[in-house]
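Could you walk me through this model, one selection at a time? I have the viewer open and would like to know what to pick next.

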Amino acid sequence: MKPNHFPALTGIRIIAAYMVYIHHFNPFQENDFGQNVHYFFGGFHVGVTLFFVLSGFLIANRYYDTPNFNFKSYLQKRFARIYPMYFILTTLTFIVGYFSAKSYGGFGSYFLNISFLRAFFDDLKFSGIAQGWTLTVEEMFYFLAPLFFILLKKSKSFIVILPIVFILIGFVLVQIFQPYDFYGLMSNINFMVGYTFFGRSFEFFVGIGLALLLKNNFTSNFKFFTLLGIVGIFISLYALSILEMQPETSTSIILKNTVNTVVLPLFGILPLYFGLIKEKTILSNIVSSNIFILLGKSSYVFYLIHIGFIRNSLNMISSNYIFLFLSLNIIAVILYLYIEKPLNHYFRRNLT
């Protein structure tokens, strides 16, 4: 297996995307399945956490010890991977919104969306492609990752120090900007912790930690990391569902964020990914299959279109849950094969 190629981790991407889809369109309604089941699946927003940890791992595995690291080339590859499809779909979203008389905030909102700046503003984080706020978090990590690697080479203690530093910076920024109420720019602690890199950085560093473990040839006689990870994710989801059913207080908010951004990555996602890389299991065989590899590669498009004008258009044809789900998968694969993939290759070849 190539050191930068992990088929199971490609396939697991679509599982993460499906989790976010279920979170947004939860078929397990409280009246039919009960409160416990409803809130358990409502916690599937943790698919985003799976993406963040995976990004931390893949970037660190690929670039941590790259000789003669070229920052410009690195950014070009990140641009080619993320931006073309996002730009196209965001632009179409605003065009459709304009002609359908829906308010998207005009050119200012459009600019903040295509520049990835909108997710610093609480009032605008769900504008355009609503779920696209996560890309601001991702892009900030991409930009800062080379600096993180320099610091980590000096001392591995930075893997703990840096997330603490960023959460502290986040608190300071909230104190600075909160009085101005400028479209919710870093306006409150809950927003900062849940929707910005300052509050979500630990998830990426868990992924970096996994990459460093593998680079140091970590081995263990324990043979059930995949199962351990699944159990950890299940327990985290159960804990989140219990907390979600409680009255919202400052304590419950802190506990939910701790479970989502610390406990789940460390005790669920980390062992799961390690197991998928090192162990041959039923799950690894499934997510390494050709169909899951294809779906995993198209998961970025699926994630971008599962809410928005494409889904709304499909909903006009039929509101059947299975029809919508299968149609979105088919469209995502087509867009990946004939738009995203060719554009990725084009910009990788032609950007100088």
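Here is a short tour of a helix pair and some salt bridges. The model is predicted, so local features need pLDDT of at least 70 and side-chain atom pairs count only at pLDDT 80 or more, while totals for chains, interfaces and linings use all residues. Residues are numbered from 1 along each chain as its sequence is written, and side-chain values use heavy atoms, with hydrogens and water left out.

**First stop: two helices.** Select H5 (residues 71-99) and H6 (residues 106-114), which pack at an angle of about 160° with their axes 10 Å apart. That makes H5 roughly antiparallel to H6 (angles over 145 degrees count as such). Now show the side chains in contact (heavy atoms within 4.5 Å): among them are Tyr83, Phe87 and Phe94 of H5 and Tyr110 and Ile114 of H6.

**Second stop: Arg81.** Staying on H5, pick Arg81 and then Glu340 in helix H17 (residues 321-350); the pair ties together parts that are 259 residues apart in sequence. Arg81 is buried at 19% relative accessible area, and Glu340 is buried at 5% (buried means under 20%, exposed over 50%, with a 1.4 Å probe and protein chains only).

**Last stop: Glu248.** Select Glu248 and Lys256, whose side chains meet in a salt bridge (3.9 Å, N to O). Glu248 is exposed at 62%, whereas Lys256 counts as buried at 15%.

Conventions
Axes fitted to C-alpha atoms, helices over the stretch in contact; angles between N-to-C directions. Helix = DSSP H or I, 4+ residues; strand = E, 2+ residues; numbered from the N terminus. Parallel < 35°, antiparallel > 145°, perpendicular 65-115°, else oblique. Salt bridge = Lys/Arg side-chain N within 4 Å of Asp/Glu carboxyl O.
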